[in-house]
Amino acid sequence: MRVLAIDTSADDTCSAVVEGRRVISHVEYSQISLHEQWGGIYPSVARRAHEERIEWVVKKALTKAKLQGFSDIDAVAVTTGPGLAIALEVGINFAKQICHGYKKPFISVNHMEGHLYSSYVQNQKGQPNREPKFPTLGLLISGGHSEIVLWKGPLEYQILGETVDDAAGEAFDKASRMLGFSYPGGPIIERLAENVKNIDKYNFPRPMAKSKTLDLSFSGLKTALLYKIKSMTPTELNSERPYLASSFQEALIKSVVKKLALAIDQTNIRDITVGGGVSVNSRLRLLLRKLCREKGCNIFFPSLKYLNFDNAAMIGVVGAIRAKNDIFVEDFSTVERRPRMTLAESSLKNMLL
């Protein structure tokens with residue numbers, strides 16, 4: 001099936017046309033420049049920007065796919081959650097209009113499912129030519145989520161561990177603001193840290209390091225950074241920013257890597273899939289690859305093209321898999337935004353109960 005995908009879960013307006021796992025076209029409009037002054041996503045600004053751009057983005061995706069219009073697609077897949085509520089609403093409503101006007105099936109997609117499948121998104125030539133092997137361990141690490149997932153099979157997920165407070169991306173954003181910088185925080189922290197030789201100068205605490213659960217926590221780490229900053233004079237802070245950023249990054253990343261190592265030991269699963277915008281961090285990728293060499297694991301990352309932002313390509317791929325399994329929303333007029341939708345709720349097994 002040829003699936004038109006839409007994602008407006010946060011601050012990127014995205015649309016794609018996919019056939020199976022092959023992406024025929026993808027278009028995105030980033031709002032980062034609109035939100036920098038606020039130090040994070042400003043909800044009403046995000047909604048207005050989505051409303052202004054969504055029609056153009058979707059029609060551009062159709063044009064790039066060399067389609068004449070909505071009549072040439074077989075179904076519409078849209079992110080219904082999790083995400084920013086008033087942003088999700090824009091994509092959902094636009095998808096409803098298309099499905100109603102052109103009598104197309106409606107497919108609801110969980111944004112985190114998209115991140116899981118993002119390592120298996122293919123270009124028009126069908127590359128990379130790899131299939132997920134089940135069971136697989138999924139590490140989802142993004143602006144709003146940090147989760148370790150047991151991926152049992154197509155559309156079957158079990159959460160093994162998750163953050164008990166902020167997600168990794170949120171923690172990076174807040175650390176960036178503490179250090180006097182803007183949004184998004186992850187790239188800023190990474191740039192500050194990239195030339196530091198003493199990468200763990202301040203040896204910030206590793207949250208939940210002694211816990212045998214697979215849950216994550218970053219609030220204590222943020223507090224440690226805040227107290228250290230407050231103890232410094234402006235002159236000291238100015239010279240120490242790179243070391244503070246590097247130490248914060250090291251503590252956060254090693255906390256994530258330690259929990260994934262524990263998950264590998266507990267499950268004895270040797271295939272790892274990573275997704276979410278924070279996994280673009282080169283230090284995280286380096287340490288995850290090192291861990292997997294030590295454990296004898298295979299690890300897969302999305303291509304950078306589908307890693308730096310929320311994208312509709314991964315939503316389309318999940319949509320195509322759901323379409324293949326005849327999983328459509330019969331009465332899409334009842335579909336509402338679900339900003340706190342969990343991955344477990346989207347597992348096929350739970351949907352059939």
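Arg2, Glu19 and Arg22 are linked in a network of salt bridges, a salt bridge being a side-chain nitrogen of Lys or Arg within 4 Å of a carboxyl oxygen of Asp or Glu. The structure is a predicted model, in which local features need pLDDT of at least 70 and side-chain atom pairs count only at pLDDT 80 or more, while totals for chains, interfaces and linings use all residues. Residues are numbered from 1 along each chain as its sequence is written, and side-chain values use heavy atoms, with hydrogens and water left out.

**Salt bridges**

The whole structure contains 15 salt bridges. Side chains of opposite charge can pair when their charged atoms come close. The table lists three of the pairs.

| Pair | Closest N to O distance |
|---|---|
| Lys59 and Glu55 | 2.8 Å |
| Lys174 and Asp166 | 2.8 Å |

Lys59 and Glu55 both belong to helix H2 (residues 43–64), where four residues, about one turn of the helix, separate them. Helices (H or I, at least four residues) and strands (E, at least two) are DSSP runs, numbered from the N terminus. An α-helix has 3.6 residues a turn, so residues three or four places apart point the same way.

Exposure is classed by relative accessible area: buried is under 20%, exposed is over 50%, and partly exposed lies in between (1.4 Å probe, protein chains only). Lys59 is partly exposed because its relative accessibility is 40%, and Glu55 is likewise partly exposed, at 42%. In the second pair, Lys174 is partly exposed with a relative accessible area of 28%, whereas Asp166 is buried at 12%. Arg206 counts as partly exposed at 22%.

**Helices H6 and H8**

Helix H6 (residues 185–193) is mostly covered, with seven of its nine residues buried. Among them are Gly185, Ile188, Glu190 and Leu192. The cover over the buried residues of H6 includes helix H5 (168–178), helix H8 (234–267) and helix H9 (282–295), contact meaning heavy atoms within 4.5 Å.

Glu240 lies in helix H8 and is buried, its relative accessible area being 13%. Its side chain makes a polar contact with the side chain of Lys201 at 2.8 Å. A polar contact is a pair of N or O atoms within 3.5 Å; within protein, one must be able to donate a hydrogen and the other to accept it, and residues adjacent in sequence count only if both atoms are side-chain atoms. Apart from neighbours within four places in sequence, Glu240 is in contact with Lys201, Tyr202 and Met232.

Pro105 is placed in the loop between helix H3 (85–102) and S5, and counts as partly exposed at 28% relative accessibility. Its C-alpha atom is 7.3 Å from that of Val329, although the two residues are 224 apart along the chain. Beyond neighbours within four places in sequence, the residues in contact with Pro105 are Asp74, Ala75, Val76, Cys99 and Phe328.

The second largest pocket holds about 310 Å³ of space. Of its 19 lining residues, Thr80, Ser108, Val329, Arg338 and Met341 are the closest to the centre. Strand S5 (residues 106–110) supplies the largest share of the lining, four residues. On a 1 Å grid over the protein atoms alone, a pocket is an open set of points where a 1.4 Å probe fits, with protein on both sides within 12 Å along at least five of seven lines; lining residues have an atom within 4 Å of a point.

Key
Grid points are joined across faces, edges and corners, and a volume is the space filled by probe spheres set on the points.
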